[in-house]
Amino acid sequence: LAALMARRPVSKELWRQLQPLIPAFVPSAKGGARKLTVSDEAALNGILFVLQTGIPWEDLPQSLGYGSGMTCWRRLRDWNAAGVWEQLHQAMLTRLREHDQIDWSRASLRLLGAKPPGGQETGPNPTDRGKLGSKRHIVVDARGIPLVILVSGANRHDSKMFERCVDAIPAIAGLGGRPRKRPLKLHADKGYDYKRCRAHLRQRGISSRTARRGIESSERLGKHRWVVERTHGWFAGFGKLRIRFERRLDIHEALLKLAAAIICARFVDRWC
């Protein structure tokens, strides 16, 4: 437990970007004039502790001063409903682009399967029909910075999420001129080798670097594939994301978005 308690609290840069995004506290109409007994910063540190360690919400140690696990869970849920985590991720991407630290020369799209306890956006795992599963689709820049993270059921074909992933790349401001959202080319494995997917890229002026089904192995893309594989590893480094524990899709996506913002923050701390 001592090792877990030694986890670092939220970085100053992440908190500085998050603080103005947090909606004003509104007392519950049912509970009367209830006060905000746990500060937003303490609640965030509690959320981060659970995210990093993977412990159940109810096991969050009270001695840490972060409030109860349910208090932190509610704050995570409410801030997600207000769009806070998505805005935080966007804010960190903007900070990176302000210092020209997003490499648009290529992007990579990759998915990772996860076995959750069931819930929203799950489906029969094609390799194990007895268990429900979900997939995480991420798009990263040439350095592995996460630009997009989406969730689908394991029974949904990879290519069905292709257009959503490409179109979800955010327009990122921070330098002179218009915000940018399109890489020069997109690397993807053969699960996305369909005319529809290639046409979608052409319409957006993006070159396709997709492995051909039945012709070449996805390993041919290995020179660049390791970048997106490494980013998946960074997400797996968060204990709560190694396996999908959350049944509710909004909670799972909130944790993924927060993790994406933290990964971006690491680049900000190093290069900005």
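In which helix is the place of Leu 18? In this predicted model, Leu 18 belongs to helix H2, which covers residues 12-18. Its relative accessibility is 0%, so Leu 18 counts as buried, the cut-off for that class being under 20%. Leaving aside residues up to four places away in sequence, Leu 18 touches Leu 44, Val 84, Trp 85 and Leu 88. Leu 88 lies 70 residues from Leu 18 along the chain, yet the C-alpha atoms of the two are separated by 5.9 Å.

Helix H7 was examined for the way its residues are divided between buried and exposed positions. The helix spans residues 195-203, and Cys 197, Arg 198, His 200 and Leu 201 are buried in it. Viewed down the axis of H7, these buried residues fall within an arc of 155 degrees, and they therefore line one face of the helix. Exposed residues, namely Lys 195, Arg 202 and Gln 203, are carried on the face of H7 turned away from the buried side. The packing partners of the buried residues of H7 are helix H6 (162-167), strand S5 (185-188) and strand S6 (207-210). Just after H7 comes Gly 205, with a positive phi of about 70 degrees.

Charged side chains were considered next. Side chains of opposite charge can pair when their charged atoms come close. Across the whole structure, the search finds 14 salt bridges. One of them joins Arg 77 and Asp 78, with 2.9 Å between the closest N and O atoms. Arg 77 has a relative accessibility of 26% and so counts as partly exposed.

With a relative accessible area of 54%, Glu 86 is exposed, since exposed means over 50%.

Lys 240 and Glu 246 also meet through their side chains in a salt bridge, at 3.9 Å from N to O. Both Lys 240 and Glu 246 are buried. Finally, salt bridges link Glu 13, Arg 16, Arg 95 and Glu 98 in a network.

Definitions and conventions
Residues are numbered from 1 along each chain as its sequence is written. This is a predicted model: local features need pLDDT of at least 70, side-chain atom pairs count only at pLDDT 80 or more; totals for chains, interfaces and linings use all residues. Side-chain values use heavy atoms; hydrogens and water are left out. Buried means under 20% relative accessible area, exposed over 50%, partly exposed in between (1.4 Å probe, protein chains only). Helices (H or I, at least four residues) and strands (E, at least two) are DSSP runs, numbered from the N terminus. The arc is that of the directions from the helix axis to the C-beta atoms. Contact means heavy atoms within 4.5 Å. A salt bridge is a side-chain nitrogen of Lys or Arg within 4 Å of a carboxyl oxygen of Asp or Glu.
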